[in-house]
Amino acid sequence: MLPRKDLASDPAPGPGGVADTRAVGADANRHNSLGFRLLRWASILIPILIFAAVSAWSWRSVLSEADARLSRTVDMLHEHALRSFDTQETTLEAVDQFVRDLNWDEIGASRQVHDFLAALSRHAAPSGGMLLVRPDGIIANGSAFFPASTLSVASRDYFQVHRDGRKGSYFGSVIRAQPQNNAVFTVSRRRSTGSDAFNGIIVAAFKPNYFEDFYASVAESPRDVVALVREDGLFLARSPRLAAEGLGEPRLKAPILSRAQGAEGRAVGQSASPIDGRMRLYHLRRLENYPAYVAYGLDLGGVRSTWLQEVTRYGLACGIAALLLFLLTWQTEAAVREQRIALAEARMEAERRADAEARLRHSQRIEALGQIVGGVAHDFRNILAAVMAGSRAILRKAEDPAEVRRFAELMEKSADRGARLTNRMLNFVRQDGGGGGQCRIEETAGAVAELLGHTLGSGYRLTIDIPSGLPAVSGDPAELETVLVNLVLNGRDAMPDGGTVAVSAQHGQEEGFVAVTVRDTGTGMDADTLARAGEAFFTTKQAGKGTGLGLAMARSFAEQNGGRMEIESAPGEGTAITLVLARVDRPGRAEPAES
């Protein structure tokens, strides 16, 4: 509560107050110069700091976009290379099956084998020819000539690795194939024998320009490098193309290759080119089941150029912002010098107004609390009615100790409800929410029936239809009992000629809820009344007969414990108030809300 303060005791803002205000403004002006000097510096430094931060963010953004772009491009290169080599692997397997039952003399003398190799070579676009090589390194047959030249390839790397025991495919270095003098690299595998014995190899030659032409078409810049790289870093195909004298010699640097040889088969890193020395951002991806990688090297000079274009725009914007801030600071300083005293007076006036508004809010709160205290009488009247009914029952059953004890317990429960009601009102005043706990509808409705069964008066009947075994619902049992008592008594008041008030419960239509309904056969409500039912302090009863808090508290109880209240009514057809209450075992049940 606000401290007491008499409005009449506030001193009026006389001439002395205006003089004090002007003194405050003059003192502020003495400190104004230093503050605006700092503000002028800030108008320059802040745009510079923002420019630095935006430039750093822009660089990271440009690199991130380039990284994502390279990742997609390398995936495309991977699929392209994989299709080519899978096709060639199928071709090598077909050759292996074709000569499986032939010895080397038969292979060398077979025109049919030559024609088969030539047909395969013609139909494979990147193929540069095919060879069958004896275990001693002598060419037995090939796709180019028949009979094949008796040249030895025993010194070639692709022959030696298979002779030394390598299994699976192997990519040979780029060489000049004779007599056409074409640049080719080889894909080779051992001839199947059914054992580990070495029985020659099958060789297919690839033309690097097949890959290089495709790589040139996907390169973003002439300074970018797109390549097919052997597992030891040797370039097999590269765009831009390598000079003839450099074929097979340059290698990609080892650190990035070692990272790509990990479990994921990918690597990203910056490296200087072994050919032109330019720094590039490389993305590598290993070809599944093949000893090679596809790589894309993005020239960092192009990335910096893109970044500088963005930074230039940011720099112009920050420069303009700094100039505008400086001018605005200068204009503001001039205006503040003239308006300082006026602002001080306005501030003091605002403080006086805020104090007056605070007092008004306090008085309004006291008035609202008075209305709430008046509304408590409605519930206490119901509680006292139950106590009086119990007293009359005790007088009638004075010779029956068991009945006297039973009615005494009911009266004690009514008094306990009164205490809880008082606490609930105090909690409201203190803005301290109640709620919580759990209660069983069957027990609570039974208690209501015992309290009100002989209280409603002649001509009124109270029925309870609660199936056994209903799960417990969220809420304080005493609060629910008070709500049901209010609803039953409201139903009785709506039936001036008598009638029936029925309390029933069942599983709700929504999973996890129980629906408790209080239905009367009274006069019902029209549409306008129904629209306002449940509003605090709204009542259709005569003055002194009701406070309009019964339905409001029922709705508050339901919503506070995760449920809701529904009303069905029509003139002449009675009213049904349904509390849809959350079961305590409902999955994902939220904690009760504050009042």
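1. Residues are numbered from 1 along each chain as its sequence is written. In this predicted model local features need pLDDT of at least 70 and side-chain atom pairs count only at pLDDT 80 or more, while totals for chains, interfaces and linings use all residues.

2. The protein contains 13 helices and 18 strands, where helices (H or I, at least four residues) and strands (E, at least two) are DSSP runs numbered from the N terminus. Of its 595 residues, 40% are buried, that is, under 20% relative accessible area with a 1.4 Å probe, protein chains only.

3. Contacts (heavy atoms within 4.5 Å) between residues at least 6 apart in sequence join, in 65% of cases, residues at least 24 apart.

4. An open sheet of mixed pairing is formed by 5 strands in the order β13-β15-β16-β18-β17, two strands being paired if DSSP finds at least two bridges between them. Because β13 (460-465) and β17 (564-569) stand at the edges with a single partner strand each, one side of each has no neighbour in the sheet. From one strand to the next the twist averages 15°, with axes fitted as lines to C-alpha atoms, for helices over the stretch in contact, and angles running from 0 to 180 degrees between N-to-C directions.

Terms used: Side-chain values use heavy atoms; hydrogens and water are left out. Buried means under 20% relative accessible area, exposed over 50%, partly exposed in between (1.4 Å probe, protein chains only).
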